[in-house]
Amino acid sequence: MSLTKKRLRMVAVASLTVLVLIYLYKVVLTSTEISPSRSSSSHLLSNGVVEEQHQWPPTEDVEQRNLRIAYEAQNAQLRQQRQELLHTKEQLAHLEEQVRALQAATPRKYPKVKYLNYKNRKRILITGGAGFVGSHLVDDLMIQGHEIIVVDNFFTGRKRNVEHWLGHENFELIHHDIVNPLFIEIDEIYHLASPASPPHYMYNPVKTIKTNTMGTINVLGLAKRVMAKVLIASTSEVYGDPTVHPQPETYWGHVNPIGPRACYDEGKRVSETLSYAYAKQEKVQVRVARIFNTYGPRMHMNDGRVVSNFILQALRNETITVYGNGKQTRSFQYVSDLVDGLIALMASNYTQPVNLGNPVEQTIGEFANIIKHLVGGQSEVKQIKAMEDDPQRRKPDITRAKKRLNWEPKVPLETGLLQTISYFRNELARSDRFQENSRKYFESPDLQRSRP
């Protein structure tokens, strides 16, 4: 123990001695740097020239010393700027927390929603729920008081269509492609996911087929696992270019399986086949709606359909283009009528396909003139080359919907078109406004100067 204590004392003394020597060295160094008498001196040579002698440090001249001082000053300035930046970041983080707290404390205004107790409230999945028809279906089911889960990959759907529900306790939005499996707990499924306009479903035909086959398999598999009822949104396109008029649900159709529209037509036909295979084999509760031409607010402006094309061309005072001779016919239903039919079909016990459409038939030429009259302006109607495999007649037989669902369209064509025209006019104004603001920003002198 005594040896250990002696060693400790020796180490302590040695350490103290080293510290004292270091301190003395620093004192001498500092005094040498700040003393002008020690830092430099001059003496007069025999020729009268004054020679300056640098005594400490012996290797540093005046220029090097000035550079070192400038370097140290710059480092000090950088350290100060870093501290200011950190302080600014802390202030920004604090402000963000305050904004979030204010947003959380400020209640959002949602449309009024009916209260349902847990026995009557359903958890409903809507695939493609951010799209045109899906978003209107979301509105109706939310107002009824149900919990809604929207799944959409936003290929044609838009968040703007459902943004008024974001944050509501009964609403959930999931960015997901239904081609991939989904595992959630629900009571009902409305399977609306699929591009429905020719330019969109022809853009990627393979993807369209996948959505209507693999996507439908995933939806039906989910319905089987959780024992949910599922409604498949089919289409009047399963009838192709029909030889029977009007088209009843018993008509098998007249479809070109390798034409440009086949990816959508045959995809929906396979979707129906899968649905009834799951119903027979796995006892899944299936409903199938064959949807005819539908229009209304939230239609995609560039979806290439008759209604959106004609309204946009008329609003822009452009030529209204009619494919073919204009004698081909369509029937148009307003979106609120379709949503009523979908909900009625889901609530029913009827399992066979049901046509949902408007039995009032219009030629395309007549429809173009109706749009021109309602919009006004100086647009002319012009016929251009017909599209391949374009159906010549399309009119639903809705006898089954009337009998089984007690459903038929209620909104007159002119009333629905006026609502749709108003929506497109606002969308055009909004688009023009954003385009103008963007142009002003990117052409501003300040931005030009800031570019390298």
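A residue is termed buried under 20% relative accessible area, exposed over 50%, and partly exposed in between (1.4 Å probe, protein chains only). The model is predicted, so local features need pLDDT of at least 70 and side-chain atom pairs count only at pLDDT 80 or more, while totals for chains, interfaces and linings use all residues. Residues are numbered from 1 along each chain as its sequence is written, and side-chain values use heavy atoms, with hydrogens and water left out.

The whole structure holds 18 salt bridges, each defined as a side-chain nitrogen of Lys or Arg within 4 Å of a carboxyl oxygen of Asp or Glu. One of them joins Glu-427 to Arg-160, with the closest N and O atoms 3.0 Å apart. This pair links distant parts of the chain, 267 residues apart. Glu-427 sits in helix H12 (residues 413–442), and Arg-160 in the loop between strands S4 (147–152) and S5 (171–175). Helices (H or I, at least four residues) and strands (E, at least two) are DSSP runs, numbered from the N terminus. Glu-427 is buried, at 8% relative accessibility. Arg-160 is partly exposed, at 32%.

A salt bridge also forms between Arg-225 and Glu-185, where the closest N and O atoms lie 3.3 Å apart. Arg-225 belongs to helix H6 (residues 205–226) and Glu-185 to the loop between S5 and strand S6 (188–191), so the pair ties together parts 40 residues apart in sequence. Arg-225 is partly exposed, with a relative accessible area of 42%.

Glu-408 and Lys-402 meet through their side chains in a salt bridge of 3.8 Å, N to O. Glu-408 is partly exposed, at 42% relative accessibility. Lys-402 is partly exposed, with a relative accessible area of 42%. Elsewhere, a network of salt bridges links Arg-121, Arg-123 and Glu-147.
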